[in-house]
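Subject: Structure handover and notes

Hello,

Please find the structure below, with the sequence. My notes follow it.

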Amino acid sequence: MSVAGFEVEVDRGSGLETEEMTLNMGPQHPSTHGVLRFVVKADGEVMRRAVPDIGYLHRSIEKISEKVGYHGFMPYTDRVDYVAAMFCNQGWGMVTEKLAGIEVPKRGEYCRVIAAELNRISSHLLAVGTMILDIGAITPFFHAFREREKINDLLEELCGARLTYNYMRVGGVAWDLPPGYEEKVLAFLNQLEPMLDEHYDLVSENTLFRGRAASVATISAETAISYNLVGPNLRASGVRYDVRRDEPYSVYPELEFDVPVGTGMAGEVGDSFDRYYLRVQEIRESVKILRQCFQQIPDGPVVAKVPRKLKPPAGDAQIRVESARGDMSWYAVSDGSEFPYRCKVRTGSFAAMSIIEEISQGLMLADLVTVIASLDIVAPEVDR
Amino acid sequence: MDATEIFERLRAQFSDKIVSVDAEAVDPSAVVEGDAIVDVCKFLRDTEDLRCNVLTNQTGVDYKEDGYIEVVYHLYSYTHRHYAILKVRTPRDQGTIPSVESVWKAANWLEREIYDLLGVRFSSHSDLRRILMPEDWVGHPLRKDFVEPTEYHGISTTRESLLR
């Protein structure tokens, strides 16, 4: 061939093949939202495999449960998922109540739902905000975190903590709502809804964002169910299933809300954009639930009388809670003593993490960040 | 379909492979022979009116006094909204259970976790390695006779009490 007027001989033989690269992403990487590692086999920019390596945040929470008793374990459950700690509190409360046959007073249940739904909004705002940040836009992240900060203030007023709440107790909640709480929460909700519209215009309709998220890492309903993907990730794949509606617990049967599913509005059903947009829609549903809660909440005690040394009868029980990251399944075994014999929590991020190896095949290297963010993986929840 | 009916169907299909059924418990469950677990799971998943399409949880419990480890399978049906809880008992030493990875992919990681923390082996599992603990860790921490090591690679695992 000729290059710049000179005849050159080019060897198209052995010297030109590309090698498969092995890259380490993490354990310290800003987009992993915690500490986790991927071993990526890449051919240029295309991933052949991305194998997750977890366990960096393993704090043996299940083992701790066997040593601290039923009441004493409550603060530890916060650390299972510190972005949405209310649901872990609620899960542990519910599984112990099921074992011991304790009934929570109505007002206590409403307090739980109010706290949990506020927490769901804050967790979804974090998920949505950081997904956009990971993809490369910084302003919407600040918008989302501005709102999240207000929820942190509200929850701090409720229970004194901004992240690890330890608000719930076996048999109810620790404190009643503070005076004037309803007005404050409603005022917050009133200004949140216009913000969501603004967010929609800024992000959801944004061509660049859609280009990065639409039709990326599509998960079919069958794959999602086989991997036991739960919560928003499952619903984004088109499966209309929400534990709050389909296996109702607490006071959810008395509340009206919709269960949105992925529609493929920007690409295919079950793509990264669907998973993102589903969370935005769920924030609106949580707002609806909160409004109804304040209309319906009765007077009365917020916590049942529970013995300080709780000894549930021997047996095992499991419950499921719709956490911000989906169906969180708690399984506890009692041997009749004051310490749990075994406790196991299966979290949404654990399942979401295990699916990455399969769905990342053939994606661009940069899309791995989109995949992690769109599945809303929180590393401590994977490892426990 | 409620749990009693599901377990009756299992009894009719697998007879002596279903060791016992506890219908009185808070969550009714059935104890299944280890070598039949894959067939039982496939039957529960593929039969039209059972259709337990998801493995929501799988875990192990070490019953040291009774001398076995119990692996618990929580199955759920998105189609019919019912649960089926199965239990498989295996000896504490060298316990091996067939893997249900071929039925649900979710079992891959869940079984790795059970192997890591309780030391139960799963035959025909595609990738049975430790998942949470370091690869060179000795022992399985959720066993009731596990003794916590005093140090790991020179790092002490205990510390002086701050309360004097």
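What percentage of the 384 residues in chain A is buried? Buried residues account for 51% of them. Keep in mind that this is a predicted model. Its scores are ipTM 0.87 and pTM 0.86. For chain B the mean pLDDT is 86, with 99% of residues at 70 or more.

Chain A overall

Chain A has 14 helices and 10 strands. Its radius of gyration is 23 Å, close to the 21 Å that the globule rule gives for 384 residues, so chain A is as compact as a globular protein of that length. Along the principal axes, the C-alpha atoms of chain A fill a box of roughly 90 × 50 × 35 Å. Of the contacts in chain A between residues at least 6 apart in sequence, 71% join residues at least 24 apart. One pair for scale: Phe145(A) and Lys305(A) are 160 residues apart along the chain, and 38 Å separates their C-alpha atoms.

The three-stranded sheet in chain A

Chain A contains an open sheet of three strands in the order 3-4-5, with antiparallel pairing. Strand 3 (21-25) and strand 5 are at the edges and have a single partner strand each, so one side of each lacks a neighbour in the sheet. Ignoring direction, neighbouring strands of this sheet are turned by 20° against each other on average.

The pairings in this sheet are as follows:

- Strand 3 and strand 4 of chain A run antiparallel and are joined by five bridges. Here Asn24(A) is opposite Val39(A) of strand 4.
- Strand 4 (residues 37-43) and strand 5 (residues 46-53) of chain A are antiparallel over seven bridges. In this pairing, Val40(A) is opposite Ala50(A) of strand 5.

Strands 4 and 5 of chain A also form a hairpin, with two residues between them. Gly44(A) is in that turn and has a positive phi of about 65°.

Helices and a loop in chain A

Helix 3 (residues 85-100) and helix 4 (residues 106-135) of chain A pack at an angle of about 145°, their axes lying 8 Å apart. From helix 3, Met86(A), Phe87(A) and Gln90(A) take part, and they meet Arg112(A), Ala115(A), Ala116(A) and Asn119(A) of helix 4. By class, the residues of this contact are four nonpolar, two polar and one charged.

Phe145(A) belongs to helix 5 (residues 139-159) of chain A. Phe145(A) counts as partly exposed because 17 C-beta neighbours lie inside 10 Å. Asn166(A) is in the loop between helix 5 and strand 6 (168-169) of chain A. Asn166(A) is also partly exposed, with 17 other C-beta atoms within 10 Å. Its phi is near 50°, a positive value in a residue other than glycine.

Chain B

Strand 1 (residues 18-22) and strand 2 (residues 29-32) of chain B run antiparallel and are joined by four bridges. Ser20(B) has Val31(B) in strand 2 as its bridge partner. The two strands form a hairpin through six residues. Strand 2 of chain B also pairs with strand 5 (residues 83-91) of chain B, here in the parallel sense and over three bridges. In that pairing, Ala30(B) has Leu86(B) as its bridge partner.

Is Arg81(B) buried or exposed? Arg81(B) counts as exposed because it has 11 C-beta neighbours inside 10 Å, and the cut-off for exposed is 12 or fewer. Arg81(B) is located in the loop between strand 4 and strand 5 of chain B. Phi of Arg81(B) is near 60°, a positive value in a residue other than glycine.

Where the chains meet

Regards

Note on methods: Residues are numbered from 1 along each chain as its sequence is written. Chains are lettered from A and ligands numbered from 1 in the order in which they are written. This is a predicted model: local features need pLDDT of at least 70, side-chain atom pairs count only at pLDDT 80 or more; totals for chains, interfaces and linings use all residues. Two strands pair if DSSP finds at least two bridges between them. The radius of gyration is taken over C-alpha atoms; the globule rule is 2.2 Å times the number of residues to the power 0.38. A residue is buried if 20 or more other C-beta atoms lie within 10 Å of its own, exposed if 12 or fewer, and partly exposed in between; C-beta atoms are placed from the backbone. Two residues are in contact if their C-beta atoms, placed from the backbone, lie within 7 Å. Axes are lines fitted to C-alpha atoms, for helices over the stretch in contact, and angles run from 0 to 180 degrees between N-to-C directions. Ala, Val, Leu, Ile, Met, Phe, Trp, Tyr, Cys and Pro count as nonpolar, Asp, Glu, Lys and Arg as charged, and the others, Gly among them, as polar. pLDDT is the predictor's confidence in each residue, from 0 to 100.
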